[in-house]
Amino acid sequence: MSLRWKLMLLLVVIVGGVTTSVGIISYQSTEERMMTEIDNSLGTATNVLLNRRDSNRPGRENNGGNNGGMIVIPDRPLGIEQYVVQLTDRDGNILAATTGIALPPMQLSVDNQGIERPIIATLTGADGIQYRVRAEGFSVGIVQLGRDLREVDNVLIDLRSRTILTGVIVALLSAILGWIIAASMTSRL
């Protein structure tokens, strides 16, 4: 192999390695950041759901934030609402759920003091769709609030495709540039 080829390949390997590293780091940090934002929105939405009042439901008491065991499951009339809700008892039996949605029941984690802590997991619903789900205890069971991950998956697939395309273009450009540099450096030899 000639010196020109060696120099060109060296430049392609260096640029390709850097481009690949940046692409992987960008993809992973984007995925992590998106999940963090979804987790934060699930926490906020769970608090709103557990603390909201429904004056049309008999037996609902306004007692300083305690739900009295009654939670109204919001409908999804258009099917485009962000969140789905499922209520289970402590044994995992479904008490109520958003119409058409069935999530696997979750058990809460318990810390060293015996206090139940909310948990977050990615689950596949009965409809085959992946949901990011936050489970939190309330007076009569566990409320699971989930968010469909198809949008996130679409963004990550697009990011992955663009990163690969950018890597290929950068590798080709570095090969051309490497050949030009190698030719100019070795022409005097």
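User: Hi! Which strands form a hairpin, and how many residues are between them?
Analyst: Hello! β6 and β7 make the hairpin, with 2 residues between them. Strands here are DSSP runs of E with at least two residues, helices are runs of H or I with at least four, and both are numbered from the N terminus. This is a predicted model, where local features need pLDDT of at least 70 and side-chain atom pairs count only at pLDDT 80 or more, while totals for chains, interfaces and linings use all residues. Residues are numbered from 1 along each chain as its sequence is written, and side-chain values use heavy atoms, leaving out hydrogens and water.

User: Got it. In what sense do β6 and β7 pair, and over how many bridges?
Analyst: They pair in the antiparallel sense over 8 bridges. Two strands count as paired if DSSP finds at least two bridges between them. As one of the partners, Val133 has Gly146 in β7.

User: And what about β1 and β7, over how many bridges do they pair?
Analyst: β1 (residues 83–88) and β7 (residues 141–148) pair over 6 bridges, in the antiparallel sense. Gln86 stands opposite Gln144 in β7, and Leu87 has Val143 in β7 as its bridge partner.

User: What's the order of strands in the sheet?
Analyst: The order is β2-β1-β7-β6-β5, an open sheet of 5 strands with antiparallel pairing. β2 (94–97) and β5 (119–124) are at the edges with a single partner strand each, so one side of each has no neighbour in the sheet.

User: Is β7 largely enclosed or left open, and why?
Analyst: Largely enclosed by the rest of the structure, because 8 of the 8 residues of β7 are buried. Buried means under 20% relative accessible area, exposed means over 50%, and partly exposed is in between (1.4 Å probe, protein chains only).

User: New topic: which residues have the most contacts inside the largest nonpolar core?
Analyst: Val85, Leu87, Val143, Leu145 and Val152 do, in a core of 16 residues. Such a core is a set of buried Ala, Val, Leu, Ile, Met, Phe, Trp, Tyr and Cys residues joined through side-chain atoms within 4.5 Å. Its largest share, 7 residues, comes from α1. Apart from this core lies another of 11 residues, including Ile101 and Met106.

User: One more: what does the side chain of Glu37 make a polar contact with?
Analyst: With the side chain of Arg33, at 2.8 Å. A polar contact is a pair of N or O atoms within 3.5 Å; within protein, one must be able to donate a hydrogen and the other to accept it, and residues adjacent in sequence count only if both atoms are side-chain atoms. Glu37 is in helix α1.
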